[in-house]
Amino acid sequence: MLVRSLRRRESTRAVLLTRKAGRRELVVLLGGGVRGAVTAESPGAVRIAAKPAPAPAKVGPELTAREIGVLRLVSEGRSNRQVGEALDLSALTVKSHLARISRKVGTGDRAEMVAYAIRHDLLP
């Protein structure tokens, strides 16, 4: 049931803690989207199984360090003026960066731009 749920949600960030799981169950869980599992088969015996995290796929357009910096501040809810003050830029320059980001990611919505950055692990 857990594996089906993970596949449906396309989630790969789950770690499973269990009292008892054999090698076969661990293989099924790791193949189904669980990133790691910890199991204690008998008192004092702990086994840890994990599959390496896949390298993040570079999908979509490349954003510059400045554009990512602008998105980071936008993700904090700052206005163009506040972003400009933090980065020592004019609000018009910030607007220009956001327009360029918008063209690259295909949306003019600030929230969607931030969501794109989060989905692609661009924000710290």
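Here is a short tour, from the whole chain down to single residues.

Before you click, remember that this is a predicted model: local features need pLDDT of at least 70, side-chain atom pairs count only at pLDDT 80 or more, and totals for chains, interfaces and linings use all residues. Numbering starts from 1 along each chain as its sequence is written, and side-chain values use heavy atoms, with hydrogens and water left out.

**The whole chain**

Start with a cartoon view of the protein chain, which has 6 helices and 3 strands. Helices here are DSSP runs of H or I with at least four residues, strands are runs of E with at least two, and both are numbered from the N terminus. Trace the chain along its sequence and you'll go through α-β-α-β-β-α-α-α-α.

Of the 124 residues, 31% count as buried, meaning under 20% relative accessible area.

**Helix α3 against helix α6**

Next, select residues 65–75 (helix α3) and 110–119 (helix α6): their axes come within 10 Å and cross at roughly 115 degrees. The axes are lines fitted to C-alpha atoms over the stretch in contact, and angles run from 0 to 180 degrees between N-to-C directions.

Show side chains, and you'll find Leu-71, Val-74 and Ser-75 in α3 meeting Arg-110, Met-113, Val-114 and Ala-117 in α6. A contact means heavy atoms within 4.5 Å. Sorted by class, the contact of α3 with α6 has 5 nonpolar, 1 polar and 1 charged residues.

**Two stops on helix α5**

Move on to residues 91–105, helix α5, and pick His-97. Is His-97 buried or exposed? His-97 counts as buried because its relative accessibility is 11%. Leaving aside residues up to four places away in sequence, His-97 touches Arg-66, Glu-67, Val-70 and Leu-89.

Stay in helix α5 and select Ser-102. With a relative accessible area of 18%, Ser-102 is buried too. Which residues does Ser-102 touch, not counting those up to four places away in sequence? They are Thr-107, Gly-108 and Met-113.

Terms used
Buried < 20%, exposed > 50% of the residue type's maximum accessible area, 1.4 Å probe, protein only. Nonpolar A, V, L, I, M, F, W, Y, C, P; charged D, E, K, R; others polar.
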